[in-house]
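Colleague: I am new to reading structures. Could you take me through one, feature by feature?

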Amino acid sequence: MRNMVDIDVVLDEKYADPKVTIQTKEKTEQVENIIYAIENVSGSDFPAIPAYVGEKIELLSQRDVFRAYTQGRRVMIQTGDETYTIKKSLSSLEEDLNPKRFLRISRSEIVNMYKVDRFDINIAGTIGIEFENGQKSWAARSRVKAIKEMIKA
Amino acid sequence: MSFRNRVIFLASIGFALGTLIGTVITAVSATMTYADGTLYLCTKEFNDFMKDPLLAFVAQAVVCGLYGMIGMGGSAVYSIEEWSLLKATVSHFLLTVCCYYITAFFCRWISPANIADCLFMLVLFVIPYLVIWLSSYLSYRSKIMEINRELIEMKAAMN
């Protein structure tokens, strides 16, 4: 039998926007799913991303995500100073991300355009990306048009 | 489109294009050498090599098709994201030039003994590759500079 979730609704005038507090013994996948579900229906922004360091889960706000990329078989996600792993595929993650903020810049990477400092090109014709935290990456030539369109809009 | 499919697609078009262009050039040079009343579809050396002039013509057309197939199929390397523009350009250049020499020597268009001819053809290949490379690079560079300008504006608008 699955773990039954107890739901308590407490009416309190001081909460103009509902505040959800989850009381649990440990932060399991079920808890993570509940949070995810609440984010999805609460109509606020775009869903937070469940990210892992080992077995520890952390929910990342999309605003904090700099980039997501594949590394071997794994999909990594980076904020300003931390690197996490996520359980979804890059394409699946792409569907959850705010398209006004994030762009797929190569087969193996999605970036948060607002965290990009600048683009550059070297003599070999490789397009470099430098992020606000100094992190560097590269963009595919075939995505230059898409980058330009997103930034102009 | 997967890389494999792209190669097959380009190679098919390349074969057709190669045969076509090869035959057109054959027609043009046959017209130019027609002055003495004899029709030369291929070079004299190639006709002698293949013994039968008609066989030589067909072989030349097929070989031109193969050359076109390899050259155009090879251009799929430009779609490899992980390869820099330079790597793709140099690779394709080397592939095309090597295949050209193999084709040219086989069809007796030029002789390996004639260094001047060989060098001349090399220059004839280097120039277009340089021009295309340079114009691609400059085009991307100007787009990047524009993107950087717009990026600053975009982020400023957010705040």
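Predicted model: local features only at pLDDT ≥ 70, side-chain atom pairs only at ≥ 80, totals over all residues.

Modeller: A salt bridge is a side-chain nitrogen of Lys or Arg within 4 Å of a carboxyl oxygen of Asp or Glu. Side chains of opposite charge can pair when their charged atoms come close.

Colleague: What ground rules apply?

Modeller: Residues are numbered from 1 along each chain as its sequence is written, while chains are lettered from A and ligands numbered from 1 in the order in which they are written. Local features need pLDDT of at least 70, side-chain atom pairs count only at pLDDT 80 or more, totals for chains, interfaces and linings use all residues, and side-chain values use heavy atoms, with hydrogens and water left out.

Colleague: Which parts does the salt bridge of A:Arg67 and A:Glu109 tie together?

Modeller: The N to O distance in that pair is 2.7 Å. A:Arg67 lies in strand β3 (residues 67-71) of chain A and A:Glu109 in strand β7 (residues 109-112) of chain A, so the bridge ties together parts 42 residues apart in sequence. Helices (H or I, at least four residues) and strands (E, at least two) are DSSP runs, numbered from the N terminus.

Colleague: How many helices and strands does chain A have?

Modeller: Chain A has 3 helices and 10 strands. Its pattern along the sequence is α-β-β-β-β-β-α-β-β-β-β-β-α.

Colleague: How do I read a pair of helices?

Modeller: Compare their axes. These are lines fitted to C-alpha atoms, for helices over the stretch in contact, and angles run from 0 to 180 degrees between N-to-C directions. In chain B, the axes of α3 (residues 53-74) and α4 (residues 85-106) come within 9 Å and cross at roughly 175°. Angles over 145 degrees count as roughly antiparallel, so α3(B) and α4(B) are roughly antiparallel to each other. Among the residues making the contact are B:Tyr67 of α3(B) and B:Leu95 of α4(B). Contact means heavy atoms within 4.5 Å.

Colleague: And where two chains meet?

Modeller: Count residues, then area. Here 23 residues of chain B are in contact with 28 residues of chain A. Buried area is the accessible area (1.4 Å probe) that two parts lose on being put together, summed over both. Between chain B and chain A it is about 2,400 Å², with carbon and sulfur atoms giving 64%. B:Glu81, B:Ile147 and B:Met154 supply 27% of the area that chain B buries against chain A, more than any other three residues.

Colleague: How many salt bridges are there between chain B and chain A?

Modeller: The count is 4. B:Glu146 forms a salt bridge with A:Lys148, with the closest N and O atoms 3.5 Å apart.

Notes:
Parallel < 35°, antiparallel > 145°, perpendicular 65-115°, else oblique.
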